[in-house]
There are 2 protein chains.
Amino acid sequence: MAKEKLSIVKIGGNIIEDESALLAFLELFSNLEGKKILVHGGGKRATHIASKLGIESKMVQGRRITDAETLEVITMVYGGLVNKNVVAKLQALNTNAIGLTGADINSITSVKRPVKEVDFGFVGDVKSVAHQSVNKLIEADFTPVFCAITHDGKGQLLNTNADTITSQLAIGMSALYETSIYYCFELNGVLKDINDKNSVIKHIDSNLYKDLLEKGIIADGMLPKLENCFDALNHGVSTINMGNTAMLTKENDNFTRITL
Amino acid sequence: MAKEKLSIVKIGGNIIEDESALLAFLELFSNLEGKKILVHGGGKRATHIASKLGIESKMVQGRRITDAETLEVITMVYGGLVNKNVVAKLQALNTNAIGLTGADINSITSVKRPVKEVDFGFVGDVKSVAHQSVNKLIEADFTPVFCAITHDGKGQLLNTNADTITSQLAIGMSALYETSIYYCFELNGVLKDINDKNSVIKHIDSNLYKDLLEKGIIADGMLPKLENCFDALNHGVSTINMGNTAMLTKENDNFTRITL
């Protein structure tokens, strides 16, 4: 029996920061047909409020070091300020949203990252997704809105990368649905030529991916993203789409579709 | 047919502030049998973080004036910091909690309070409770944890008194359940003599309430609370209990039970 479709859409900090871009996106998201989940980050806002509170943001290898104070700010900003405003705005668009961290309904558990060369602090690597519990919300016609926070099941919240939450959620939900991911970012898609924003590669499959890798065509920043995409596809996710938010409209096909 | 029982427990800011008191309470709450909902405030923490952010807390008639900046702090602190930590701690106690504002699943809508002598700002008076939607969560074996935030349905979050949220939720859920409220506060219950903390009146019904009112026995601070209680009882709520958190244990009967 063919599985029903589920779309998981991830937006980054740049859309969250821009009130009118956020509203335009939420309208597109609300109009997206079928069952769906939203995942959001919110990084810059957290940095801004942390600095107002006199907490220094420490980054190592492009990642935030999450000490106890920083985790409090992240919990306030991602779980409270950003998540609840997104939920209220979706309600105004008649999307019956419900805001979640991984602690809510025990939806996403994680393990605190072991200390090696770097102590990332209260950062969690996803361990499990309670896809049956998340599905109870979806079956009740609610639209889950996840922020980038998980928990260890022992009372500790953990800061977790929003891209990872998206792919792990998608893998988990694939047990029940034909799952597609939409990674919304600034570019139109994966580019053949990093200097030409219109050089979007419209479809990447395993063969083309190998080919692009061998020819060294994929830009450095895109490599880990694509690796994660193929990992998700190899674990049950059907399709991954990368591009700007306009890819949620049916008229636009100028984005990158990735399949096995 | 007899309705199933539902307990709605409200805790105030003093328990939230005290880490060990909060943990002790959450254990009592987890052990409470049957279907249940938690409602929490979190006032002092918001005042503290607002002051760190350089936002002055303005109180009029004992109530917080909620300007745009203050609403942001409340959304961060109530909806994020307090709510998500309570949820994570309940998960550690095997209570499958889900944190909510009134915007989530459109559970509690409110109307921005009209400006008369005082402009309270972004403060909402409860308009409706989506008891069928809240019940979908309860039926899925999730335990809702509400913070003191509602929304107007047009994208605006609103600061709302936690006692009012509790009684309005209880009235709404009474359509489906035999509903009891537990108001946890510092006192052992309603006192006959304000100077004697052991003078708990164990049961107040409509007749005794009239009698106490006539004799002027009820302390000023308790009057509006009792008025709200009888309003809720007159709108379908079965029992209201007032006392310290120990009233959640079966052994303790030193608290005030209020019925029609």
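**View 1. Helix 4 of chain A meets helix 4 of chain B.** Here Glu72(A), Thr75(A), Met76(A), Val77(A), Gly79(A), Gly80(A), Leu81(A) and Lys84(A) face Glu72(B), Thr75(B), Met76(B), Val77(B), Gly79(B), Gly80(B), Leu81(B) and Lys84(B), a contact being heavy atoms within 4.5 Å. Helices (H or I, at least four residues) and strands (E, at least two) are DSSP runs, numbered from the N terminus. This is a predicted model, in which local features need pLDDT of at least 70, side-chain atom pairs count only at pLDDT 80 or more, and totals for chains, interfaces and linings use all residues. Residues are numbered from 1 along each chain as its sequence is written, chains are lettered from A and ligands numbered from 1 in the order in which they are written, and side-chain values use heavy atoms, with hydrogens and water left out. The two helices, residues 68-92 in each chain, pack at about 115° with axes 7 Å apart; axes are lines fitted to C-alpha atoms over the stretch in contact, and angles run from 0 to 180 degrees between N-to-C directions.

**View 2. The open sheet of chain A.** Eight strands run in the order 5-8-2-1-11-13-14-12, with mixed pairing; two strands pair if DSSP finds at least two bridges between them. Strand 5 (97-100) and strand 12 (203-204) of chain A are the edges, each pairing on one side only. Strand 2 (residues 35-40) and strand 8 (residues 143-147) of chain A go parallel over three bridges, and Leu38(A) has Val145(A) as its bridge partner in strand 8.

**View 3. Ser110(A) in strand 6 of chain A.** Strand 6 covers residues 108-112. Ser110(A) is buried, with a relative accessible area of 2% (buried is under 20%, using a 1.4 Å probe and protein chains only). Leaving out residues up to four places away in sequence, Ser110(A) touches residues including Gly124(A), His151(A) and Leu158(A).

Technical notes. Buried means under 20% relative accessible area, exposed over 50%, partly exposed in between (1.4 Å probe, protein chains only).
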